[in-house]
Amino acid sequence: MTILACHELQKLVRTIPDYPKPGIMFRDITTLISDPNGFKSAVVLLADRYRDMKLTFVAGIEARGFIFGSAVALELGIGFLPIRKKGKLPFRTIGEDYQLEYGMDRIEIHQDAITQGDNVLLLDDLIATGGTAAAGIDLIRRAGGVVDHAAFVIDLPDLGGADIVRSKEVDVYTLIEFEGD
Ligand code: AMP
């Protein structure tokens, strides 16, 4: 199987204007993951960057971060840690509240998911304003994990999220960029 270049991956992402509300250009990755070559390429390109880094976990953010994150963890031969929306995990949790455009949200992990010093890669499908990723990094660090790297299939650079993550001393790697929001 040939690994596609990033500009070819970009063509596999479908854009849906005005979803979920007017003015938003929704970047739909279902068309990328339904293409076997596209899905494999995205996962291999992400994993290649981290093969020699002695990571302990890939932490993926619910829900689309689970799709790419679990595949990258398999590719790297390490565990997967789901960062879930509030109230979904069955055991004792620790959580982090973060700001949405309107109101607040909360992400959670199990209290015992991370051992002090675990080296965690944070992964999501897309970074926009960076609020979700920043909360994920803060949460993992509070649990004792080290987060030096975050990866996203798609970056919306005009929204500045990757810079917010970088300001937390985290290296950011993305495959595809879309201008605007
Ligand atoms: P943010 O916290 O603003 O960086 O938003 C990131 C989260 O919202 C990710 O989990 C994305 O899946 C989702 N998201 C934000 N904007 C978009 C968009 N334009 N298209 C698709 N998903 C988006």
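These legends describe close-up views of a predicted model. Local features are given only where pLDDT is at least 70 and side-chain atom pairs only at pLDDT 80 or more, while totals for chains, interfaces and linings use all residues. Residues are numbered from 1 along each chain as its sequence is written, and side-chain values use heavy atoms, with hydrogens and water left out.

**View 1. The seven-stranded sheet.** Seven strands form an open sheet of mixed pairing, in the order β5-β6-β4-β3-β7-β8-β9. Strands (E, at least two residues) and helices (H or I, at least four) are DSSP runs numbered from the N terminus; two strands pair if DSSP finds at least two bridges between them. The edge strands, each pairing on one side only, are β5 (93-99) and β9. On average, neighbouring strands are turned by 25° against each other, direction ignored.

View 2. β5 and β6 (residues 104-110) run antiparallel and are joined by seven bridges. Gly95 has Glu108 of β6 as its bridge partner.

**View 3. The largest nonpolar core.** This core, a set of buried Ala, Val, Leu, Ile, Met, Phe, Trp, Tyr and Cys residues joined through side-chain atoms within 4.5 Å, has 28 residues. Buried means under 20% relative accessible area, exposed over 50%, and partly exposed in between (1.4 Å probe, protein chains only). Val72 and Leu175 have the most contacts inside the core. At least two core residues come from each of α3 (36-48), α4 (64-76), β7 (119-127), β8 (146-155) and β9 (171-177). Beyond its neighbours within four places in sequence, Val72 is in contact (heavy atoms within 4.5 Å) with Val43, Leu46, Ala47, Val58, Leu121 and Leu123.

**View 4. Helix α3 on the sheet.** α3 lies across β7, β8 and β9, at about 155° to β9. Angles run from 0 to 180 degrees between N-to-C directions, with axes fitted to C-alpha atoms, for helices over the stretch in contact. The buried residues of α3 include Val43, Val44, Leu45 and Leu46; their cover includes α1 (6-11) and α2 (30-33). At the start of α3, a side-chain oxygen of Asp35 comes to within 3.0 Å of the backbone nitrogen of Asn37.

**View 5. Helix α5.** The 12 residues of α5 (residues 131-142) should span 16 Å at 1.5 Å a residue, and the end C-alpha atoms are 16 Å apart, which agrees; the expected span is 1.5 Å times one less than the number of residues. Among the buried residues of α5 are Ala133, Ile137 and Ile140. Just after α5, Gly144 takes a positive phi of about 105°.

Notes
A polar contact is a pair of N or O atoms within 3.5 Å; within protein, one must be able to donate a hydrogen and the other to accept it, and residues adjacent in sequence count only if both atoms are side-chain atoms.
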